[in-house]
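Hello,

Here is the structure you asked about. My notes on it follow below.

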Amino acid sequence: MPLDEADRAALSGLMVGTLLQREARTDIAREGDKPTVIRLLVSGWACRYKDLPDGRRQIVGFFLPGDFCDLNVYILSELDHSIGALTDVRYFEIQPHQFQEVIDARPHLTRALLWHELVTSGIQREWLLSIGQRSPLERLAHLFVELYYRLRAVDLVDDLAFDFPITQHHLAEANGMSLVHLNRTLQELRRAGLIELADRQLRIVDLDELKRVAMFKRSYLHFNR
């Protein structure tokens, strides 16, 4: 949503104190922890994930630069998921009272942040639909298009190319696929002339065709405002 200068200044005012860092493949927060802060990712990629006692893991969401990691999580007694750094990341930790003061004073900003949470819920529903109904090819195509639009919204896309620092292992965990099946599906997208993936960068060669393959409708991202 469009924010005026006062709204932008209020948001910037939350980014105070020490800029924290985590290395790739380390946890930022663990399931069962007592949540006391709101985290704002500044750089790098992180994920929300669930795991089983035998070590199997499912990535249930990606956090990109500019994302809040659960705005209202501090009202819970404990986390019901973990947050992991997929790459080296930097982030701020915002105290709940700081956050509450800002949204009490800026009702338009409150509305924008509520919009953010509704979009997050919409993304979660699309991921569930992908796991349950889309084929592996459709599933991967849909994720690539979604990431393109999300990164474009924060000016991290150059034409149709963007940094793609995560591994095939991460993609497999996010899409409910084995590494072998994931690799075959990537090769299929390459052979069809839809994507190029090399040197930790993804370029979408034919966005319209990739959207057609994925049956992608971007209404769930709610960019219409």
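Please keep in mind that this is a predicted model.

Overall make-up. The protein contains 7 helices and 11 strands. Its C-alpha trace spans about 50 × 45 × 30 Å along the principal axes. For 225 residues, a compact globule would have a radius of gyration near 17 Å, and the 18 Å of the protein agrees with that. Of those 225 residues, 45% count as buried.

Contacts. Take the contacts between residues at least 6 apart in sequence: 73% of them join residues at least 24 apart.

Surface and charge. The protein has an accessible surface of about 12,000 Å², and carbon and sulfur atoms account for 51% of it. There are 28 positive and 32 negative side chains. The centres of these two sets lie 4 Å apart.

Cysteines. How many disulfides does a search of the whole structure find? The search finds 0. As a reminder, a disulfide is a covalent bond between the sulfur atoms of two cysteines. To count as one here, the two sulfur atoms must be within 2.5 Å. For Cys-47 the nearest cysteine sulfur is that of Cys-69, 10 Å away, and Cys-47 is in no disulfide. Cys-69 is in no disulfide either, its nearest cysteine sulfur being that of Cys-47.

Are these two residues buried or exposed? Buried means under 20% relative accessible area. Cys-47 has a relative accessible area of 0%, so Cys-47 is buried. Cys-69 has 5%, so Cys-69 is buried as well.

Regards

How values were computed
Residues are numbered from 1 along each chain as its sequence is written. This is a predicted model: local features need pLDDT of at least 70, side-chain atom pairs count only at pLDDT 80 or more; totals for chains, interfaces and linings use all residues. Side-chain values use heavy atoms; hydrogens and water are left out. Buried means under 20% relative accessible area, exposed over 50%, partly exposed in between (1.4 Å probe, protein chains only). Helices (H or I, at least four residues) and strands (E, at least two) are DSSP runs, numbered from the N terminus. The radius of gyration is taken over C-alpha atoms; the globule rule is 2.2 Å times the number of residues to the power 0.38. Contact means heavy atoms within 4.5 Å. Accessible areas come from the Shrake-Rupley method with a 1.4 Å probe; for residues, only the protein chains shown count as cover. Lys and Arg count as positive and Asp and Glu as negative; His and the chain ends are not counted. The place of a charge is taken as NZ of Lys, CZ of Arg, CG of Asp or CD of Glu.
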